[in-house]
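Subject: Structure handover and findings

Hi,

Here is the structure I promised to pass on. Please open it alongside this message.

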Amino acid sequence: MSATKPVVLLAEELSPATIEALGPDFEIRHTDGADRSALLAAIVDVDAILIRSATQVDAEAIAAAKNLKVIARAGVGLDNVDIKAATQAGVMVVNAPTSNIVSAAELTIGHILSLARHIPAASTALKHGEWKRSKYTGTELLEKKLGIIGLGRIGALITERAKAFGMEIIAYDPYVTSARAASLGVKLLSLDELLEQSDFVTIHMPRTPETLGMISTEAFAKMKKSAYVINVARGGLVDEAALNVALRNGEIAGAGIDVFVKEPATDVAFLELDNVVATPHLGASTGEAQEKAGVSVAKSVRLALAGELVPDAVNVAGGVIAPDVRPGIPLIEKLGRIFTALTHASVTQIDVEVAGEIAALDVKALELSALKGVFKDIVSEQVSYVNAPILAEQRGIVTRLITTADSADYRNVLTIRGALSDDSQISVSGTLTGPKQIQKIVDVNGYELEIPMSDHLLVISYADRPGVVGTLGRLLGENDVNIAGMQVARNSEGGQALALITVDSSVPQSVLEAIKEEIGATMAREVDLED
């Protein structure tokens, strides 16, 4: 009988390309995410849910979804997802941060042109039989100053497009270097200087407590009476009440607004004004942006349900994973499981050490994968890249990521080293070798060896003396356990030795007890890595 396919719930209408990007490996279900009772009933046994803006995936919905592993928002904003509750539950949250940047930039330019040439008002007048050319005399964009607040990806695209009109670009962004601004041909100014000099002001900042109401009464007082303000970013960045007053008092010439504090927004006071160009949150409303968003999150869902890190996950500090780092992710997760199997007391600190060429890259993903492996076999809840750091924090375990370029024997070595509550330490190291990137264990508790990773490992520590290897072979053979490989290392002749044995099947606990008794082993553990 074939294995049950993971279930993906589409809670809103998504493009056929999105479903195609998911592929045939999932059971696809549909529901109306805006219908609360239907959503709570449908989400119970799904592995992933894909939404847009109408579906509220809050703590209640997350608690109802016992199998949920990923929430995917086909768009940028995540106001309708309880990220904190998702993180606590080990559920990955992903979005499509770059899907609408071109559409948002183009809409901004559309608002600028509409304001400069009074296009919407002139069109409405003409449709009502009024031919008023002089009333709608506009202004050219050539040599006008465009002030961009927030010089990120969208700000850079707007810069590129506005330059085609011969505009001079100035910007305010405390997180952008002067070198970056110079490369875009943009002059960085203080916010006050930008407001005072700009003919058009467009804001492209995230909505945070610091940016809410960023353009308000004081800002309008600093602007030219001939200036226009545009907001296609987030509702509330421009104070709506203050904007209404500024427009009616002639403090500024007009505004282009696509986003509002409360949406749908149909009763906002300034919507009746002729010098306002308003659109119903159309920043991402192009066929191209919708398709990009759907396809992007579909790919993220595939990665997440395959147990891989996802670059667009908003609640995982993994970031984009370099190709040279990626093969180490499954290796270090297995090392984490071996580490846990070897512990004999509670862990107080875990160091994830990355040595070799990849240490120069961003290897944060390896720390997350190591912690995922450490907790996989010891907690009852689902362990993911999302909640593994939280599990460590809840248990008072200090975690560190240590990198070094020095690796004497291998191109790269990954190590998990832990301090235990009884003042002892344990460690396990691994590497990847050859063109096929074979996973190998190369050190356990300071004993150097080299043996390929296996689903079933025996780790046995004993006093070095003749005859032990033969005894191990006999005891395993008598119990129908076939040895695939063995490595023995010792700290000195006649001192402590460690045998690492790969076998083809699980070893009964009774056999491990027999090994301990017959050879006087201080440790005889099986590590079962078979999922």
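Below is what turned up, taken in turn: the cavity, a helix beside it in the list, and the aromatic pairs. Please keep in mind that this is a predicted model.

Cavity

Rolling a probe the size of a water molecule over the atoms shows where empty space is left. Searching the whole structure gives one cavity of 30 Å³ or more. The largest cavity holds about 40 Å³ of space. Its lining is made up of N231, G235, G236, V238, E240, L243, I257, V259, F260 and F270. Sorted by class, that lining has six nonpolar residues, three polar and one charged.

Helix α11

Two of the lining residues, E240 and L243, turn up again here. Helix α11 covers residues 240-248. Its buried residues are E240, A242, L243, N244, A246 and L247. An α-helix has 3.6 residues a turn, so residues three or four places apart point the same way.

Just after α11, G250 has a positive phi of about 75°.

Aromatic pairs

How many aromatic pairs does the structure hold? There are two.

One is F200 with Y228, a stacked pair. The centres are 5.2 Å apart, with 15° between the planes. F200 belongs to strand β9 (residues 200-203) and Y228 to strand β10, so this pair ties together parts that are 28 residues apart in sequence. Both partners are buried: F200 has a relative accessible area of 2%, and Y228 has 9%.

F260 and F270 also pair. The ring centres of F260 and F270 lie 6.4 Å apart and the planes are at 20°, so this pair counts as stacked. F260 and F270 each lie in the loop between β11 and β12, so the pair ties together parts that are ten residues apart in sequence. Both F260 and F270 are buried. They also line the largest cavity.

Where to start

I would open the view on F260 and F270, which are stacked and belong to the cavity lining. From there, go to E240 and L243, which are in that lining and among the buried residues of α11.

Best wishes

How values were computed. Residues are numbered from 1 along each chain as its sequence is written. This is a predicted model: local features need pLDDT of at least 70, side-chain atom pairs count only at pLDDT 80 or more; totals for chains, interfaces and linings use all residues. Side-chain values use heavy atoms; hydrogens and water are left out. On a 1 Å grid over the protein atoms alone, a cavity is a set of points where a 1.4 Å probe fits but cannot get out, and a pocket is an open set with protein on both sides within 12 Å along at least five of seven lines; lining residues have an atom within 4 Å of a point. Grid points are joined across faces, edges and corners, and a volume is the space filled by probe spheres set on the points. Ala, Val, Leu, Ile, Met, Phe, Trp, Tyr, Cys and Pro count as nonpolar, Asp, Glu, Lys and Arg as charged, and the others, Gly among them, as polar. Buried means under 20% relative accessible area, exposed over 50%, partly exposed in between (1.4 Å probe, protein chains only). Helices (H or I, at least four residues) and strands (E, at least two) are DSSP runs, numbered from the N terminus. Rings of Phe, Tyr and Trp (its six-membered ring) pair if their centres lie within 6.5 Å; planes under 30 degrees apart count as stacked, over 60 as edge-to-face and the rest as tilted.
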